[in-house]
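Take a walk through this protein chain, one region at a time. Keep the 3D view open and find each residue as it is named.

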Amino acid sequence: MSTPAGPAPAAPSPAPQPGPAAAPRGAQPAPAPAPGPAGAPGAPAPGAGAGTAGDGPPPAGPQAPAPEPPGGGDNVGAGASASVATARTGQGSLRAGLLREAWTHIGGDRVQGDKIVIHAAGERGVVLRTLAAALVEIVRHTFQAPPRWDDIQADAWQRRSVVLRGPGGAGKTAAAVRLLISAQVKSWYLLDSVAELTRLTELRQLGSGAGLVLDRPRDLGELRGPQLAGLEGLLEQADARLVVIAGPDAELDRSVAEYVQRVTRPDSLDAVLAAHLAHRLGEADAELALAADGVADLTAELLCDGLSCGDAARLAEVLAHEYGGGGIDPDRVRARMDSSGGEDPEEWFEGLGDTGLRTQAISLAVLGGLPQEDVALAAAGLLDRFRSDRGVLTTSVERGPVPLSQDPFAQSRRLLAEKLRARTVSSVTRGSFGWLPCTVAEYRNPDYPARIIRHVWSEYRIQQELVGWLAELVDSPSQQVRSFAGTALGLIATESFDHVATQVLPGWVRHQDSGSARREAIAYALRVCARDPALRTGVRALVDGWYLSGTWEFQAAAARAYGLCLGGADLDTAVRCLTRLGTVDHIQVAIAIGDAFADLVEEDVAARAPLVLRAVAEMVHEPLSRPVGHLVFLILADALVTEEPAAPGTAARARPTLLRLAAADPPGSELRRLLGYLWSEVIGGELFGDESAGVLEAWAAQAETDPLLLDDLVRVLVQDVAARGPRVGRLLERYVTRWTERDRFRPLPRAAAVLGSALRPTAGPAHSGGAR
């Protein structure tokens, strides 16, 4: 759709298509979703968490979801909810990253890092995932060269691609990373398959100096020499390198032979052990640890023939942990090296015995990968739900009720981690205030979280307590905790979809105090269910029933689900349903639509942003949905932020995603016309003047110390927004004037001077952030 120069785009209403039809405003509502045995959808059902401890309003915090209106202010434009919803800068982008991280830890998608989707004309996107920076640093400091390493390095980079193969345990992944380090790559990405490698036709999005790793793909047998030869020009243009890792049993085509380098196992793992131990403890303490009584015999025993470089690294981790605890006990080291103890996770959980340990294990399964404080607090909350004479766990029945108090010094963090087969790792996590250092807690074995969650749900009569506890976590002010808790509920729902859909979700949807947070978490849960082909039909039927219900709470829940879990499979239907929900005059439905559109854009920014902005323009063009369209656009403008890592000569920065996209397009492009039209509409509108000023001021605040961003802001606002009419230009000038008023807590003198000069009718073209 193109946006004309007139007051509104000539956007036709969506043509009727198969799928659910919108309930017109004022029409008799359709029946609500079929209730389960608990009764009506709005009634708190058993296990719904309604009315139990922890179901109160969430504490205030920087990441708390938009609050429910206190009553009487439910219409779009009434009350303070719109101001809250448009003052959550970057929340949509943060949410997308945290959901990927939650699925990484709970669902078993162990390749961590943000995903980048590269598009080629006529092709679906190629997904690249960032390689963990911690892995790169470990290899940088601990790599021990295998035999013939100098020859391998010399031969490998005669071309831009290399294929590493060798026996299991030879350290091929570390060798791949080390090869890329030697090539001085600046960024690190993982590919999933040869099929994706074949579709890779441009790398401009990654910048110069990217390193690509294709690690033991299942379709490696499809790799051909001409494919690698065809990539040489592409890799050369981007100054990029590619390493393909082949497993020991992989069958490679003969045409790939000229690219193959063979990595052999090291003659001894002692050097690998010493390097990893020195990296963890420092060289002096590492020498003392290796010289401790019994350690030499222990390492000779544990690093016997047939073990891998990874086993040596694991032994270094255990020795460092023991050494930090005050002494190395060989028996304890042996027990910890046998990470499974011959048991599967379910058997291990059965043997824990103590209810306190079991609640710690469940909390670690749900929140593993988050700061250890979050895990500990959640475990305490779950234990509180069992503080009665009703022994719900078998061993608790045998040993009596859970004690009312426990000695907080009974066991140290180190001993607790040992019993739970867990570890604590120094890391950085992304929260309200950006990426910050912390200590995260997680299971050593990535298979444990999903299996333990499923086990405790199906084997014990604690369903009500678990759901109530997850509800308490969902009500948390932390977006991290909410994301992980909702994902865990989704894993449970894959086991008991009908029970969760009929007994749990209705009470969450209509929760009086925390409905907004609960509806968001429901979308997280359904996102997990939609991954299972057997459940997709049920998920769609459930959400479509909510959409047609005529009840605003269920329609808001449907909006979040269309954004987070159904848009990937049927984007057109999701966008159409969200657009039609814009005729519902309820502020919480409007906010849910805005958040849902933000979720859709974050899945694939370049491809989906124009489609979503077209839909929002259609909403703005229609009188019934115009107020919702205004608010939805402001939510998108505020919630979507692109973080750009530091590069040589430039610092890391964050840019409003919509502004970044517009700045990259030429004047007159569809995206810039859409953005100019929507900004002019909300600035000139009557309902959200304060919110428009607030979002625009947030954009200017980011540009105040960023000359490049300020240039982009000036160009877009002057050429695409102010140019649409004198009234909009005058309103923009009024906004800019306020940025330097004496009573401003955050004055923006540079942005005000540059933009104000460019907006004056007599001013010539202004470039003038100082960057160009």
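Of the 772 residues in the chain, 53% are buried. This is a predicted model. Its secondary structure comes to 34 helices and 11 strands. Now look at the contacts in the chain between residues at least 6 apart in sequence: 73% of them join residues at least 24 apart.

Start with two helices, H22 and H24. H22 covers residues 515–529, and H24 covers residues 552–566. Their axes come within 8 Å and cross at roughly 40 degrees.

Sorted by class, the contact of H22 with H24 has 9 nonpolar residues, 5 charged ones and no polar ones.

Ala 530 sits in the loop between H22 and helix H23, which spans residues 533–547. Is Ala 530 buried or exposed? Its relative accessible area is 11%. The cut-off for buried is under 20%, so Ala 530 is buried. Leaving out residues up to four places away in sequence, Ala 530 touches Arg 536, Val 539 and Cys 565. Ala 530 and Leu 564 are 34 residues apart in sequence, yet their C-alpha atoms are 9.9 Å apart in space.

Next, turn to the aromatic rings. A search of the whole structure finds 9 aromatic pairs. One of them joins Trp 348 and Tyr 448, with 5.4 Å from centre to centre and 50 degrees between the planes. That pair is tilted. Trp 348 lies in helix H13 (residues 345–350) and Tyr 448 in helix H18 (residues 448–459), so the pair ties together parts that are 100 residues apart in sequence. Both Trp 348 and Tyr 448 are buried.

Another pair brings us back to H24. The ring centres of Tyr 547 and Tyr 562 are 5.8 Å apart. Their planes stand at 85 degrees, so this pair is edge-to-face. Tyr 547 lies in H23 and Tyr 562 in H24, so the pair ties together parts that are 15 residues apart in sequence. Tyr 547 is buried, and Tyr 562 is too.

Finish with helices H31 and H32. H31 runs over residues 689–703, and H32 over residues 707–721. They pack at an angle of about 145 degrees, with their axes 8 Å apart. H31 passes H32 in a left-handed crossing. Which residues of H31 meet H32? They are Leu 696, Trp 699, Ala 700, Gln 702 and Ala 703. Facing them in H32 are Leu 709, Leu 710, Leu 713 and Leu 717. By class, the contact of H31 with H32 has 8 nonpolar residues, 1 polar residue and no charged ones.

Definitions and conventions:
Residues are numbered from 1 along each chain as its sequence is written. This is a predicted model: local features need pLDDT of at least 70, side-chain atom pairs count only at pLDDT 80 or more; totals for chains, interfaces and linings use all residues. Side-chain values use heavy atoms; hydrogens and water are left out. Helices (H or I, at least four residues) and strands (E, at least two) are DSSP runs, numbered from the N terminus. Buried means under 20% relative accessible area, exposed over 50%, partly exposed in between (1.4 Å probe, protein chains only). Contact means heavy atoms within 4.5 Å. Axes are lines fitted to C-alpha atoms, for helices over the stretch in contact, and angles run from 0 to 180 degrees between N-to-C directions. Ala, Val, Leu, Ile, Met, Phe, Trp, Tyr, Cys and Pro count as nonpolar, Asp, Glu, Lys and Arg as charged, and the others, Gly among them, as polar. Rings of Phe, Tyr and Trp (its six-membered ring) pair if their centres lie within 6.5 Å; planes under 30 degrees apart count as stacked, over 60 as edge-to-face and the rest as tilted. A crossing is left-handed if the near helix is turned anticlockwise from the far one by less than a right angle, and right-handed if clockwise.
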